[in-house]
Amino acid sequence: MLYCAILRSPHAAADILNIDLTPALAVSGVVDAVTVDDFSGSRYVNYGPAYSDRHAMAKDKVRFYGEEVAAVAAESVQAAWLGVRAISIGYKEHAAAPTVEAALAAGAPDIHPRRDKLSSNVVQSVDVQLGDTAGAFDRAALVVEGDYEHGVVWPVCMETNAAVASFDRATGKLEVWCGTQAPFFVRKELAQVIGLELKNIIVRSVAIGGGFGGKSQAPEQIAIAALLSKRTGRPVKVVLSRDEEYIAGKSDHAKRMSLRTAVDAEGNILARAVDALVDNGAYTHMGPVYVSAVRQRTANLYRVGTAGIRAKLVYTNKLPGGSYRGMGAPGIIWAIESQIDEIAEKLNLDPVDYRLRIANQAGDVTPLGWKITSCGLSECLTKAAERIGWKDKKGKLPPYRGIGIASMIHPSGSVLYAEGNFSNIAIELHPDGRMTVFTQTADAGTWQNTVLAQLVAETLGVTMEGISVVHMDTELGPDDLGSAASRVTFVTGNAAIAAGKNLVSKLRERIASEWGIGADEVKYEAGVFSNARDKRRELTLPQAAQRFGSLRVEGRYEIGLERPDPITGYGNYAAAYAFGAQAVEVEVDRGTGHVTILNIASAQDVGRVINPTALEGQTYGGIMQGVGMALSEDVVFENGRPVNRSLINYRVPRIRDTPNISIDFIETADALGPFGAKAAGEPTINATVAAVANAVADAVGVRFHKLPITPEAVLAAIRKRNQQQPQLKPYLRAYNAEIATVRKLYPAMFPVMKKAGKYLAQPRPQVREFETAIANTLDDAIAQAAATEGSRFLGGGTDLLPGIRQGVYGPSKLISYRGVPGVREIVTTDTAVRVGAAVTINGLINDELILEKFPGLTKGASLIATSQIRNRATVAGDLCQEKRCWFFRSATPCYRFSGPACPCYAVLGDNRHHSILGAGRCAAPCVADLAPMLSCLGAEVVTAGSGTTRRIPVEQLYVWAGETVLNPAELITSIEIPKPQARSAFHYEKYARWQGDFAEASAAVRLVGTAKRIEEASIVLGGVAPKPA
Amino acid sequence: MARDSKTPTSKSGTTAVSLSVNGVDRKLVVGQHESIADVLRDRLDLRGTKIGCNSGECGACTVLLDGVAVCSCVTLAATVSESSVVTVEGLAREGELQELQQAFMEHGAFQCGFCTSGMLMSAYALLSQQRKPSDEAIRTALQGNICRCTGYVQILNAVRDAAARS
Ligand code: FES
Ligand code: FES
């Protein structure tokens, strides 16, 4: 097996001047190295030839940070990585257009100079009036309008993308094992870029660690591994790191929407008009589908008289959008539902009653031509409202509590792509009576394999036990588009039923000829064939299997609908439409703006439930992804470079975020769905964002026009509503004068420094392997540290190891000192409690002595990180941890890392987590929770160096965030906390965005005195300044 | 024109460690930079332990180290000689699923399953310390484990149920 590593662009926009692979090939263990020129084929097809704009790797130019530039295959992961580092490459960076505004501005750099393009950076432009929209707006009794925008969301599959490709020179066949939702696309795209025939590419079955749309597009790393395998004739494996997944995986699309709704005096919607800008990123994958999603909801959600849609899909220099659950629906539904609430308010109607009045009904044909055959929207609204206790709560909740409701519509079995209109599936009956179902769709955790087995079992009237499913395999399974666009249950499910029926009729024929009767005389029921006229003749399915041997049949289902009009999008998109409503209750913290979700009630029209456990799971999952999208998930960019590239600061919901969720399924038995089922799993995300936003608006009395609704946004809105303006005149405070002056000058200094930094920046350490030593005595530890330059003491490793992988630390050697006597003990001295440096955080929390003397410390320490981390992280390690600034951690060449010639990106960039006090050249705050606590308690750090020991008050430990006064070979051995004075109390409060995250702000408070009189008080703040303040 | 720096550093030694892995004593020679997760997956072929972030942020790699849950991706194997490690493969006995695993099955507490081994190990660590944990305690124990698929409801139910059964 060879291992592949990929060289990625460090720039959002640059010309590639030269690439020399020779130094990489000289690295021992490196077998092959490639660039785009080694791919014989043409560009990826992606959304179709008209939009085909991406080569297998960057060609001449890079257009986004993280783009694949070259790749190496080597005998080990390490050698591959060293090979990539050795590649010599020259870039000429140029101005990027990282946002839609920048890309559409006059004089913007042309990201893809192409002849057929509309105007600079516009990929697609849609302007459709489905009726007399202008007239409807003229006639309206009320018009509401607003601008809505949201950024990019990542799917964050827990398993990163990975692939093994194996090319057999003898047969000319390429086999691929990869986590993909759509083996069909993998083959099609590989054939295209590698120049192999489709029949020579086989995708095999694997388990997939999550998809959510993120694994349904062009597989760049798969093609790279495949090419390397083809060239070397050996299997090649590629595994993306979480960081690579973030910078070059597939994301959702950002968009801005100007939406207007016109209603008559009763609130009937006369028209809706939208003007949308969809951010395509640097290449086109699924952008046009996002444009379509806006059109679909604008024209179809609730009864709409007519609709007008203007939309532009725009190239920007950032990661290309792919697809994500909902395909843009949650965003446009949020905009629409915000306005529905506004209209209800203006017309003095209850939001639920109003929605019931305008709800779609079976028999409706929408302005876009959707024929709604079955519709449970009204029932869904009623049910969700009832479950949340709407009548008792609406308008009656205490301040800062609120409820909201929203609906959704979703096509089920849609006809969007030509290849998506049909499905084929195969069933093989084995001689022992067991069956295997073969499908090219892929179960990425949706339990679709179970559902398909169930449908086959139900069709045959047998139990599921003997039925297994092989998914993804393109050799064993017949053609199918794959698992995307909510199609499997509906389309492939119907194919499975057809296959089951075919199996029965095949067997019927054989039995008939054996029994010498007509096929129509053979009856089949519940797994038994019988002769209608001769009761004694019977054959069970397993007996038939035994008698006739292996039998393979296929089933096909085709959606008998025309494709919508390519220009206007008019047409009946889907065989059926699914509906749903969700109601949400929230509580807002008025001090921090933090939104806590208390209850969610979901009611969904799913046609018919096939597998309740699976569907409930899908619903909970979709809802919680919606909660993330509504409140916290958003890629933060610095000039096109994603900076919040970790699961700490790209915040997906964790278990503490899960509220009470009630689920109801409304069954409307669709005539065309398999046993009446409609699409159900994917769209559970669609209404959540809107319902949460409406609930927050209800709680604080302000509507939000930007997602996610972060604590910062809520707080700012509350302040604005209350007309409180924080007094931000830092220059009036003497201690801030110098900093304030620098801040004032920064806009002018920043570009100059950024440029200078490019030449003068010190490189980041790139350490993959290092030595680790174990010291069992203090002297040994210090001696080893003194002897090896660049060594570091290792505590729990929970900060050091991620830091090494992020290129933050570059140690030559780690010295574990946990074996040094005493460093893991907590003891009392005459005046103090001595905590050994290597005591873990949980060791501290569970210690009786600490609990007795400093209960506030026990409690405060339990707010640090997560339990796995607290079990390893040490007290000294917490104090000495590196800063968490997202610019610094995401390899931005900033002041802190690359030296004084470089700027601090937080001053002008997104600095919501940075210092608000005393930030000088670097604005990163000290986030060590123990620092304010121990400093407030008057603790001292005891250290040992070569022949010396020191006692340093924690207060004086820091020079700057992440930097201490300790010398390289100086080791903290213990921390001494003075015994508490009589009549004293200590407490620690912390606000973090999720429990376990680093502090946004924290305060340690120690008071001495009585309830009546405080004699002494000490307060130390954390998370707000470079040092505990 | 800016040129990317090329200063790869690579130096590594090996260390002999002895570990009890799922009750079996193992003597191994490991790279000094290797995490427990690396050793489990690449040297011992115990692939139930998953790597989702390699940074201690997702919990997919959770194993029990001397009885407590830790992120095996940020724990260096060379530093834990003489310790005991229990992975998800160590839960089932003679083909019988452990109670917690049974409860996960019954409640449908996984979808793609990638987070499941970490979830199980965190929950197992909790239940071996507290027989009847409160909801608060369950959430605290699982806060370090991200699941993107399930929304956590069925996971919570499964752990509650397993606790009630024991
Ligand atoms: S892989 Fe170890 S915590 Fe994510
Ligand atoms: S089941 Fe997929 S991440 Fe939890």
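Tutor: A salt bridge here is a side-chain nitrogen of Lys or Arg within 4 Å of a carboxyl oxygen of Asp or Glu. The structure is a predicted model, in which local features need pLDDT of at least 70 and side-chain atom pairs count only at pLDDT 80 or more, while totals for chains, interfaces and linings use all residues. Residues are numbered from 1 along each chain as its sequence is written, and side-chain values use heavy atoms, with hydrogens and water left out.

Student: How many salt bridges does the rule find across the interface of domain 2 of chain A and domain 4 of chain A?

Tutor: By the domain assignment (automatic or from a database), domain 2 of chain A covers 255–415 + 564–719 and domain 4 covers 761–883 + 925–1022. On the side of domain 2 of chain A that touches domain 4 of chain A, four residues are charged (Asp, Glu, Lys or Arg). Across this interface, the number of salt bridges found by the rule is zero.

Student: Which residues of domain 2 of chain A lose the most area to domain 4 of chain A?

Tutor: Buried area is the accessible area (1.4 Å probe) that two parts lose on being put together, summed over both, and for domain 2 and domain 4 of chain A it is about 830 Å², with 59% from carbon and sulfur atoms. On the side of domain 2 of chain A, three residues together give 48% of what is buried there, and they are A:I648, A:R651 and A:R654.

Student: How many residues of domain 4 of chain A are in contact with domain 2 of chain A?

Tutor: Contact means heavy atoms within 4.5 Å. Domain 2 of chain A contributes 10 residues, and the number in domain 4 of chain A is nine.

Key
Chains are lettered from A and ligands numbered from 1 in the order in which they are written.
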